[in-house]
Amino acid sequence: MRLTILGGFLGAGKTTWLRHQLHHGLAQNALVVVNEAAEVPVDNALLTRSSRLMVLAGGCACCEGREAFISLLREVCDARVSSDDPANRIDRIVLETSGLADPGTIVDAIKCDPVLLHHIVVSEIVVSVDALHGLDQLRREPLGRRQVEIADRLVVTKVDVASEETLRPLLGTLKALNPGAAISGAAMGSGTNLPDFEHEAGASLPDLSGDAAAPITATTIDIDETIDWAAFSVWLSALLHARGDDIMRVKGVVRTPAGRLLLQSVRHVVQSPEILPESGEAIDGKDNAIIIIGRGFDPKSLLPSLHYFAGRS
């Protein structure tokens, strides 16, 4: 079986890009595995185009979720070997990793497994890079740099909202970090042109080999359906304005008077809420929760802070 690993740092647009691939049948008949670091999965709610979807939540496939990931792949291999119907055989897996996963470690885990070694070939590592925040992440985050360095293909996302002055140094830096990777652009998941960066020099990057930054963690906050949504919106905006450099990602599905809303943000940038269908079976029972991913904040202070804005304290 061929395995495509889709990686990229927090908020890099992996799900949006994969959603577009599924919509246009570019990953037809593939088993899609969504891995999320948080206990409550969210990204799978956007991938309803996949008839074969599995969720691996509560730990990255490269570390805390490694054992569960290997077990899942073994089960898929066993089912494939025992299947008598060629039409139902799985020949391809697409793994969307969490934003905190190292694709290189996942490849090593597969190659070191005595069973998977004979059944799975890692055919491609695709890494998405946020056009707006990618260069800053390469300067600050060792993991973001490792993800880029190991990619076979780099997809620069959100090209439509980034200026050419922002894109050029990012593209030059990506080329310098990984000269062998193909680089393409995407806007809302669709392919789009990039400016000519053939002669663009890469930006100067600090040495992160001894970086000892605090670990990035995921915190889930359950939202009471009776919450004042105006107060919630003000609280979230204030939180990201004050701590957007530390809080790298916010995502979740909440039930509001307008319907089931998907909320997402990347650092200070809050994306437009998206109304999801009510038939979202994959996350039934897990709505009204938001996941906050970042470092340098006290998770226990978040809920009291929200209650204060909502006038409940």
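Trp229 and Phe232 are three residues apart in helix 7 (residues 229–243), so about one helical turn separates them. The model is predicted: local features need pLDDT of at least 70, side-chain atom pairs count only at pLDDT 80 or more, and totals for chains, interfaces and linings use all residues. Residues are numbered from 1 along each chain as its sequence is written, and side-chain values use heavy atoms, with hydrogens and water left out.

**Helix 7**

- Helices are DSSP runs of H or I with at least four residues, strands are DSSP runs of E with at least two, and both are numbered from the N terminus.
- Helix 7 has 15 residues.
- From first C-alpha to last, helix 7 reaches 21 Å, close to the 21 Å expected at 1.5 Å a residue (the expected span is 1.5 Å times one less than the number of residues).
- The buried residues of helix 7 are Trp229, Ala231, Phe232, Trp235, Leu236, Leu239 and Leu240 (buried means under 20% relative accessible area, exposed over 50%, partly exposed in between, with a 1.4 Å probe and protein chains only).
- Seen down the axis of helix 7, these buried residues fall within an arc of 160°, so they line one face of the helix (the arc is that of the directions from the helix axis to the C-beta atoms).
- The face turned away from the buried side of helix 7 carries the exposed residues His241 and Ala242.

**Aromatic rings**

- Rings of Phe, Tyr and Trp (its six-membered ring) pair if their centres lie within 6.5 Å; planes under 30 degrees apart count as stacked, over 60 as edge-to-face and the rest as tilted.
- By this rule the count comes to three aromatic pairs.
- Trp229 and Phe232 form an edge-to-face pair, because their ring centres are 5.5 Å apart and their planes stand at 80°.
- Phe232 and Trp235 form a tilted pair, because their ring centres are 5.9 Å apart and their planes stand at 40°.
- Phe232 and Trp235 are also three residues apart in helix 7, about one turn of the helix.
- Ring pairs link Trp229, Phe232 and Trp235 into a cluster.
- Phe232 counts as buried because its relative accessibility is 4%.
- Trp235 is buried too, with a relative accessible area of 1%.

**A nonpolar surface patch**

- Leu132, Val161 and Val269 make a nonpolar surface patch of about 220 Å².
- Leu132 lies in the loop between strand 5 (121–130) and helix 4 (134–140).
- Leu132 counts as partly exposed because its relative accessibility is 33%.

Notes: Patch = residues over 30% accessible without salt bridge, like charges linked within 9 Å, V, L, I, M, F, W, Y side chains within 5 Å. Areas by Shrake-Rupley, 256 points an atom, 1.4 Å probe, with all protein chains shown as cover. Salt bridge = Lys/Arg side-chain N within 4 Å of Asp/Glu carboxyl O.
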